[in-house]
Amino acid sequence: MEVLVASGIGLLTAVGVYLVLRRQTFPVVIGTVFLSYAVNLFLFATGRLTVNRPPIYASGASGYADPLPQALVLTAIVISFGMTALVVVLALRGFLETGSDSVEGDPAGPADGGDDATVTTDQARP
Amino acid sequence: MNLILVPLIPLLGALLPPLVARSGRDTAMAGTLAVTLTSLVLLLVEAPAVYRGETVLAGTAWVPEIGLSFRFFADGLGLFFATMILAIGALIIVYARYYLSRQDSIGRFYAYLLLFQGAMVGIVLSDNILLMLIFWELTSLSSFLLIGFWSHAAAGRQGARMALVVTGGGGLLLTAGMLVLGHVGGSYELSVLLTKGEVIKASPLYPLILTLVLAGAFTKSAQFPFHFWLPHAMAAPTPVSAYLHSATMVKAGVFLLARLWPVLAGTELWVAIVAPVGLVTMLVGAWIALFKDDLKAILAYSTVSHLGLMVMLLGFGTPYAAVACVFHILNHATFKAALFMAAGIVDHEAGTRDIRRLGGLAKLMPVTAVLAGIASASMAGLPPLNGFLSKEMMLEAAASGPLGGLGWLIPVGATLAALVSVAYSVRLAVGTFAGPARHDYPHHPHDPGAGMWLPVALLVGLVVAIGLMPALIAGPIVARTAQAVIGGAPLPYYSLSLWHGLTPALFMSVAAVAGGLVAFRGHALLARWRAPWPRPEAKALFDTAVAATVFAARWFTRRANVESLPRTIAIVTVSVLIVALWAFARGEHGAGARAMMPVHLVALVAWAALIAASAVVVLKHGNRLLTLILTSVVGLIVSLAFIQFSAPDLALTQISVEVVSTILLLLALNLLPKTTPPEMETRRKVRDGAIAVAAGVGVAALALAILTRDFTTISDYHIAQSKPGGGGTNVVNVILVDFRGFDTFGEIIVLGIAALAIFALLDTALRGPAARRLDAMRQGLESAEAHPLILVVATRALLPLAFTVGVFIFLRGHNQPGGGFIAGLVVAIAYIMQYMASGYAWSHQRARFDAHTLVGAGVVIAGLTGLGSLLFGRPFLTSSFGYFHIPLIGEVELATAMAFDTGVFLAVVGTVLLALAQISRIEARAERSPVPEGPADIRLPRERDAATAKRED
């Protein structure tokens, strides 16, 4: 079973990495979703695998799964949702603003003007 | 304990002026003044003890691990500076009320001023040098705000930026110096360090400490070659110039040198660096001041010159010079602040401060003229004013200066500087006030109201009083302060009086006055002589340096091409891989000893499904909808894995998050292109594939290595304490809301921030190019069946049911799988269904709560629950619980953790709703026709009644 889980985590990582290396926004967003799956599972796996022993306190229980990684992962899942939402909205706004959903940028480098405007405008005014 | 309040009251009081500014400018002034005077009174309460020779200590530990404490101490020096800062501050507050115009936001101004005042008092009273650094940086920041107060003026912004760069940069060096100093001295408390002078001076690190500390002091006190920022900072409103740039902030560097005098001064290195820098600054400042035409520029360079004088005196390293320095700090603060305020009055009344357009004001504004004339005479060092006394002492110290071979340079240089300062002082006073009245002033000058000249008059009164009766008025202050500067050594012989006999200093003084008058007479000649000199313009050099930095940064950015996300991620991933490989190759490894679990068929099927889904995603990611569906398949398999491995909470969370994010991505995909153009380059695919496979194999190997090894856990404690300590049997939930509640609190804040960022991103998308593109998109979207009937009916029927489920999951969460996170997601899904089925307009109109409010309420409730435990004397977020008997219902457990979980619940609902509703709102804009309000084809009878009823209301 451990081999299945480990290989599954590896597979999710590989797919995630491959997708975030794509040129358009949407595959990158999906890639981050895959990476979240992989990371959450990995974190969960640090508590080792336990079957049929949920961390619900009961008097007759013979043992429990490690609750700490579970608590960490629970919030991590919700936070990854927040991140996915933010990234996809960022992609959406970028697309609406520029009409392109490429994440590759201009190969010639950043356009001049733009961020240095604050410097130049100050100098321009007497 | 009062001592702590002295810096804290202005810092906290900075909140007051913006609040009371609405009630008028007088109220704002009164409030601000009250803050400053309270602080001053609390300080002066300590004065008797200090003057009995005690050192007042107060404070508490802060972060003892790094030597940071919140400790203050007042000795003669600290008390002297703090009194000066607060007293002059009070005068400036009154003056500023009348100086600033109605358009200026006086509340903001006073807030900055109090912030600065508190920080400055903090510097001079800090016992801990790390604490002092914090205040030091605060003065840099608040002076940035004050210099740039008129943010509409380019000069103000540039001056503020330059001051921040120079003093902030110096602050960084000083930080390094203080850290080394504390390390060598074995303590960060000044009260200890001051006794460790011998150890520190003998240390091999002494030159390093000295260089770094001097860098901080010289930048702050505008010493050559860092003097250039001060004149540019004069773009500030005049009250700021008078306060920061004459009396207080620029003296922080001098204060630091005086404070550390017992620790650092007296070595050959000290004398060789500090005295010449001071001398050069004194000369350069005075020389430039002579040729400036702007009143404030003259005063600015004169301040540079006088700061140089103080630094030079400290640089001599002799006790007598230290006494002279202390005396001059006092005198300079009085006459220079008075002169700045007088210059402000002239500017205010005459409409210009250009000396070439002024003159003859004595008849028009006699009060100002008399006050400014006396202050100028003191600046020139004429008897019987206080400037004369300290200048005399300075010349005396210079004449007996300690520099061996070049000994004659110091007295000659000092006399020369005194000579020039006579010349510019006379030029300032005569050029502004003497001569016949003119008819071409921009305004009609006359004396201002008492509010403006009274503060000046008070200071000028001091100038005269100290000059006439120095020993009586300033004697004890100078003695006590100088004693604090020179440490344990006995005070040298000195006498504060006008007549010392025929000393060398007197001859130097006479020479300076005579020469100064000659120089004033021949000013035109001197100016012509100076005209062809090369004059490096500091501002141009500074701007060039800034531009060069920007250019270099842009060059690097272009070369690294970090605009390309794939490239950046590839670089990062490969770097991580290389580091991991390197670590792997160096370590020892073998198979784990933990027994593996047997594989069963269901797991194998799920694993195969995962592989198949992943493979299709990789191969067919051009089809975005398919990718999305397969992604949720993968998400389902992940939640199955959680169920399998005893994590029911995680499975519930994962599956609800899956629903929410699939809806979200679907909504986004509706507006994004539906396909990704296929990539043609095989090379690129192979390269990315290789990186991805390497990363995957690495993570898989790591996971396997962990899974096959035994471990020890700290969770046993959590499990054991869950019921008795946290009152719940669901250990995961108890950890979230109790043991690690602070983490959870942080996490819901992060969620809230993400939601607000989403709102900000999408709210503004309804304007500008994004909105135009949305409008152009209409033809592409079908909205004929925007609200399918079955969906509408089903979702509405489901809404109460879903709420019930949500409440149920929430309530059982403490003991059984469930809790605030999951319940929040479930309820949010129920809401989102309404948006999907019935449209944005319909749902939004019926929403009872604003999503922003939900997020905010969630965070606030969680925070208040945590604070509640403080009331019972327990640490933040300590939970408590009890069992209550309710008639009919029976035994019920109530825990404060429930309230905390409610906060979590609300924050999650708010975040999800805010994100999804915002996208729906964008979507609504892109839909073809104005969307019918709700399902257009049917209208439930009851609802129609409700609508009519509402209209009748």
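**Reading a two-chain interface**

Modeller: Start at the surface. Val599(B), Leu601(B), Leu604(B) and Val605(B) make a nonpolar surface patch of about 380 Å². Keep in mind that this is a predicted model.

Biologist: Where does Leu601(B) sit, and is Leu601(B) buried or exposed?

Modeller: Leu601(B) lies in helix H30 of chain B, residues 601–619. Leu601(B) counts as exposed because its relative accessibility is 65%, and the cut-off for exposed is over 50%.

Biologist: Now the interface. How much area do chain B and chain A bury between them?

Modeller: The general idea first. Interface size is often given as the accessible area lost when the parts come together. Here chain B and chain A bury about 9800 Å² between them. Carbon and sulfur atoms account for 74% of that buried area. Chain B brings 120 residues to the contact, and chain A brings 91 residues.

Biologist: What is chain A built from?

Modeller: Chain A has four helices and zero strands. Along the sequence the pattern is α-α-α-α. Chain A has 126 residues, and 60% of them count as buried.

Biologist: How many salt bridges does the rule find across the interface of chain B and chain A?

Modeller: Again, the idea first. Side chains of opposite charge can pair when their charged atoms come close. Across this interface the rule finds three salt bridges. Over all chains the count is 19. Polar contacts between chain B and chain A come to 26 residue pairs, both residues at pLDDT 80 or more. Helix H33 of chain B, residues 682–707, gives the most to the side of chain B that touches chain A, with 15 residues.

Biologist: Which residue of chain A does Asp688(B) pair with in a salt bridge?

Modeller: Asp688(B) pairs with Arg22(A), with the closest N and O atoms 2.2 Å apart. The pair crosses between chains: Asp688(B) is in helix H33 of chain B, and Arg22(A) is in the loop between helix H1 (2–20) and helix H2 (25–45) of chain A. Both Asp688(B) and Arg22(A) are buried. Glu681(B) and Arg23(A) also meet in a salt bridge, at 2.5 Å, N to O.

Biologist: And within chain B, are Arg438(B) and Asp440(B) buried or partly exposed?

Modeller: Their side chains meet in a salt bridge, at 3.2 Å, N to O. Arg438(B) is partly exposed at 28% relative accessible area. Asp440(B) is partly exposed at 44%. Elsewhere, salt bridges with shared partners join Arg22(A), Arg684(B), Arg687(B) and Asp688(B) into one network.

Notes. Residues numbered from 1 in each chain as written. Chains lettered and ligands numbered in written order. Predicted model: local features only at pLDDT ≥ 70, side-chain atom pairs only at ≥ 80, totals over all residues. Heavy atoms only, no water. Patch = residues over 30% accessible without salt bridge, like charges linked within 9 Å, V, L, I, M, F, W, Y side chains within 5 Å. Areas by Shrake-Rupley, 256 points an atom, 1.4 Å probe, with all protein chains shown as cover. Salt bridge = Lys/Arg side-chain N within 4 Å of Asp/Glu carboxyl O. Helix = DSSP H or I, 4+ residues; strand = E, 2+ residues; numbered from the N terminus. Buried < 20%, exposed > 50% of the residue type's maximum accessible area, 1.4 Å probe, protein only. Contact = heavy atoms within 4.5 Å. Buried area = accessible area lost by both parts, 1.4 Å probe. Polar contact = N/O pair within 3.5 Å; in protein donor to acceptor, adjacent residues only side chain to side chain.
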